[in-house]
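Subject: Structure handover

Hello,

Here is the structure I promised to pass on. My notes on it follow below.

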Amino acid sequence: MMSIEYKCEEDEQKKKLRELTKSFCGIDKPLKNYVNHVESLNELIRELHVVFSSDYVNIERVNHLMMVYTSNYKDWKKFAKFDRYRYTRNLVDAGNDKFNLMILCWNEGQTSAIHDHADSHCFMKVLKGGLTEVKYLMPNQNNTQISHMEPNLPADIGIYHHPEEEHHNEEQLQEICRTTLYENQVCYINDNLGLHRVENVSNTDVAVSLHLYCPPFDACGIYNKATGKKTKCPVTFWSKFGKREKIPE
């Protein structure tokens, strides 16, 4: 059972991490005078655990580590699980509940819904192929209608797309930019910077990406592009630690 003292320390760390989303915008290049190369996925995980062992997490170092790890198929092949119908989220390391590191696998033409990140930090590194990130302005939360999933409806941001509204009484989401990333390139987003959608636009090649979320979350908001309407959606894993999760009935 988690002690009260440890739980308080954990909550304080998460609080500090969430506060950093108000000012952190990501770094453009690796840091100087720090680890300049990470040779394997296991080494990356070890370094991340060191960074998150402190009460104060240096989020720039997290960004840096995602940059200096060089993709190696032998490192991540056991986590690369593809699905014919949707992209997959495959948990690699649970980060002692301080972060989640996962590999997402995208068949040709697969895309995510437009989504937020539950007030957490999101880092994405392309391990194979190319992925296009489309960013949108966060809609005015005072005017954004929020609905909730039916409690027994299994869904995640990979398979659930909010149906089109018959009447568009809200404001259409405004696209900020779109960027295509290739192997070993990294991008960063948080809710202060906006929403995004990720897609594999290739009709011939699959793509694989490495994601780190901190603090981790089990639900986020997905958004209707035409109306800005937000729907709360649970996020699930296709596999954990290389093993397939049970399919919800």
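Two strands are said to pair if DSSP finds at least two bridges between them. Strand S3 (residues 121-128) and strand S9 (residues 207-214) are joined by seven bridges and run antiparallel. Please keep in mind throughout that this is a predicted model.

Overall make-up

The protein chain holds four helices and 13 strands. Of its 249 residues, 50% are buried. Among the contacts with a separation of 6 or more, 83% are between residues 24 or more positions apart.

The seven-stranded sheet

S3 and S9 belong to an open sheet of seven strands, in the order S7-S3-S9-S2-S1-S12-S13, with mixed pairing. Its edge strands are S7 (186-189) and S13 (243-244), each of which pairs on one side only.

Within this sheet, Val 126 is opposite Ser 209 in S9. S3 also pairs with S7, again in the antiparallel sense, over four bridges. Here Phe 123 has Tyr 188 in S7 as its bridge partner. Of the eight residues of S3, seven are buried, so the strand is largely enclosed by the rest of the structure.

Helix H3 (residues 59-68) lies across S2 (100-106), S3, S7 and S9. Its direction is at about 10° to that of S3.

The three-stranded sheet

A further open sheet consists of three strands in the order S6-S4-S8, and its pairing is antiparallel. S6 (175-182) and S8 (195-199) are at the edges with a single partner strand each, so one side of each has no neighbour in the sheet. On average, neighbouring strands of this sheet are turned by 20° against each other, direction ignored. Seven bridges link S4 to S6 in the antiparallel sense; in one of the pairs, Thr 132 has Thr 180 in S6 as its bridge partner.

Lys 135 is in S4 (residues 130-136). Is this lysine buried or exposed? Lys 135 counts as buried, because its relative accessibility is 18% and the cut-off for buried is under 20%. Leaving aside neighbours within four places in sequence, Lys 135 is in contact with Gln 174, Glu 175, Ile 176, Cys 177, Tyr 188, Ile 189, Leu 195 and His 196. Lys 135 and Leu 193 are 58 residues apart in sequence, and their C-alpha atoms are 8.7 Å apart in space.

The annotated histidines

An unreviewed UniProt entry places the feature "binding site" at His 115, His 117 and His 196. These positions span 82 residues in sequence, yet no two of their C-alpha atoms are more than 9.2 Å apart, so they gather at one spot.

His 115 is in the loop between S2 and S3. With a relative accessible area of 4%, His 115 is buried. A polar atom of its side chain lies 2.8 Å from the backbone oxygen of Ala 113.

His 117 is in the loop between S2 and S3. His 117 also counts as buried, at 0% relative accessibility. What does His 117 touch, not counting residues up to four places away in sequence? The list is Cys 122, Ile 189, Asp 191, His 196, Tyr 213 and Phe 217. His 196, which is in that list, is one of the positions named in the UniProt record.

Lys 14 is in helix H1 (residues 4-20). Its relative accessible area is 17%, so Lys 14 is buried. Neighbours within four places in sequence aside, Lys 14 is in contact with Asp 97 and Pro 215.

Helix H2 (residues 41-52) has twelve residues. From its first C-alpha to its last, H2 reaches 16 Å, close to the 16 Å expected at 1.5 Å a residue. The buried residues in H2 are Leu 41, Glu 43, Leu 44, Ile 45, Leu 48, Val 51 and Phe 52.

Regards

Note on methods:
Residues are numbered from 1 along each chain as its sequence is written. This is a predicted model: local features need pLDDT of at least 70, side-chain atom pairs count only at pLDDT 80 or more; totals for chains, interfaces and linings use all residues. Side-chain values use heavy atoms; hydrogens and water are left out. Helices (H or I, at least four residues) and strands (E, at least two) are DSSP runs, numbered from the N terminus. The expected span of a helix is 1.5 Å times one less than its number of residues. Buried means under 20% relative accessible area, exposed over 50%, partly exposed in between (1.4 Å probe, protein chains only). Contact means heavy atoms within 4.5 Å. Axes are lines fitted to C-alpha atoms, for helices over the stretch in contact, and angles run from 0 to 180 degrees between N-to-C directions. UniProt positions are given in the numbering used here, feature names are shortened, and annotations may be inferred rather than shown by experiment. A polar contact is a pair of N or O atoms within 3.5 Å; within protein, one must be able to donate a hydrogen and the other to accept it, and residues adjacent in sequence count only if both atoms are side-chain atoms.
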